[in-house]
Amino acid sequence: MRTCVARTATAVFLTTTALTTMAAPAFAQSASGQPLSGQEADALRAEVRELRSRLEALESRLGASTPAPLAAAAAPGTPASPAPAAVAAAAAADTAKKPADETAIAWKGSPQFTQGGKAFKVKGRIQADASFVSAPKGLEDRGLGFTSEMRRLRLGGEGSLAKNLSYKLEFELSDNAVDLVDTFITYKNGPWQVQLGNQNAFWSLDELTGDTSGSVMERAAFTDAFNFERRLGLGAQYTRGPLMAQLGVFTDDPSSLANSSDGVNGGDENNSYSIDGRLVFAPRLGDVQLHLAGSAHWRRLGRLADSSTRYRQRPYAHGTNTRLIGTPAMTVEDETMYGAEVAAISGRWWGVAEYYHLAADRVGLSTVGFQGAYGEVGYFLTGGDSRGYKGGIFTTNAPAHPLDKDGPGSIQVALRYDWLDLNDRDIRGGTQNGYIAALVWSPIQYLRFNVNYALMHYTGATALPSGDTSYNANVVGTRFELDF
């Protein structure tokens, strides 16, 4: 490599010397009053142009403008030719222009490669939890108490194949299984977007907001109890100003569709499908970002109606598999859900509330309905920080004063009330009222630490030895998460 650079530098030196040497006689002849003939002048100009072209090519290979020593290469007493300066300027301009096929590399938590209309970025996520659920006195359940787990390990990539065509592929290790997460291709053209693959079926705001963008460790209780999940399907989105409309048709999650067992649980017999839609109005009034939305969902379970369906929920912490409230097994043929969302962001403050209702049509029995809701208010303790919002969901902003620039990072606190009711008609699944306090510290972008406390109050829950079904449980949860 050094030999190549030395040879190239020598060539540049000799070429520049030749230029100045050829320019010297011309200057001398002019000074003596004996001008060149027109033919000689044209020939000389042609040679100079050719030498300039060669010099530019050599300088572009060096990746730099003309070295300083070349300016002194002319013979002593010979007037300097303007050619080297002009060539250097041209070479610098050429160097500044990157070829269209050159790959640019940027850092966004991981390397991002771009080339023209194409791009690729490695994605990953690490979440590790430790939590403690205090068991009510007399309740013998070894699933409660202290638990720890790798909540999520995710790896994948995203990018673009052309101007309007992009993709995303993610695998996640969770609950001792490897699952497809966001895995789809997306086509965008003006206000329209069409997405095909495994994706969220336009659920609630809390479900659609990324788990590394949330203000508390676990989403609203109804999102888990009502079996919100990513499903394979086709979704379309139209955006115009503050309005956004979403509509899609979905089947089931890939793991269910790939089940190799025979019978009702076999993936080859799973013919369930759903139609899901969401409408968002998100105007900005001065410094306040508003969010008003509603969603509706209808699902035909098909062959799955021959199996059992349950709606139940953990005591906030995911590390335990214990469910203190839940419905008995039911045979459900159709599900109808609708939800309402309202949120606002103003500087360091934000507030959000949602309500969801599920109607389950049982085979041969009356329809039963269950419901859930939550309300939350939050505040950033650090100046300059605010909650992000884009595309009808909350997002994460980089800390205004990160730790690596002598700042404290961003610190946010939130209070949430979470309610779930699984009682209706002859079904007595119980109710859960959660009072949650959360602290999130993000020292730098992509890294967060969470501490949560939740007081869970139950009625109609798993009975204690005394027969009592109304009691409290205290939950403390911690998490560190790296997302890139």
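Residues are numbered from 1 along each chain as its sequence is written, and side-chain values use heavy atoms, with hydrogens and water left out. Since the model is predicted, local features need pLDDT of at least 70 and side-chain atom pairs count only at pLDDT 80 or more, while totals for chains, interfaces and linings use all residues.

The mean pLDDT of the chain (the predictor's confidence in each residue, from 0 to 100) is 87, and 83% of the residues reach 70 or more. Over residues 1-33 the pLDDT is below 50, and this stretch has 39 contacts beyond near neighbours in sequence, a contact being heavy atoms within 4.5 Å. Residues 64-88 also have pLDDT below 50, with 24 such contacts in the model. Where pLDDT is low, the predicted coordinates should not be read in detail.

The secondary structure comprises 6 helices and 23 strands; these are DSSP runs numbered from the N terminus, with helices (H or I) of at least four residues and strands (E) of at least two. Of the contacts with a separation of 6 or more, 61% are between residues 24 or more positions apart. Buried residues (under 20% relative accessible area, against over 50% for exposed and in between for partly exposed, with a 1.4 Å probe and protein chains only) make up 42% of the 484 residues.

In soluble globular proteins, nonpolar side chains tend to be buried together. Here, the largest nonpolar core has 52 residues, and Phe222, Phe226, Tyr311, Tyr316, Phe370, Leu420 and Tyr458 have the most contacts inside it. Such a core is a set of buried Ala, Val, Leu, Ile, Met, Phe, Trp, Tyr and Cys residues joined through side-chain atoms within 4.5 Å. The largest share, 5 residues, comes from E16. Leaving aside neighbours within four places in sequence, Tyr316 is in contact with residues including Val216, Ile436, Ala454 and Val475.

Strand E20 is also the place of Ser410, which counts as buried because its relative accessibility is 6%. Not counting residues up to four places away in sequence, Ser410 touches Phe380, Thr382, Asp385, Pro399, Val440, Trp441 and Ser442.

The whole structure holds 25 salt bridges, each a side-chain nitrogen of Lys or Arg within 4 Å of a carboxyl oxygen of Asp or Glu. In one of them, the side chains of Asp206 and Arg416 meet at 3.2 Å, N to O. This pair links distant parts of the chain, with Asp206 in helix H4 and Arg416 in strand E20, 210 residues apart. Asp206 counts as buried because its relative accessibility is 12%, and Arg416 is likewise buried, at 5%. Arg152 and Asp211 form another salt bridge (3.5 Å, N to O). Both Arg152 and Asp211 are buried, and they belong to a network of salt bridges that also links Arg125, Arg154, Glu170, Glu172 and Asp483.

Strands E6 (177-189) and E7 (192-200) each supply at least two residues of the patch. Val194, in strand E7, counts as partly exposed because its relative accessibility is 35%.
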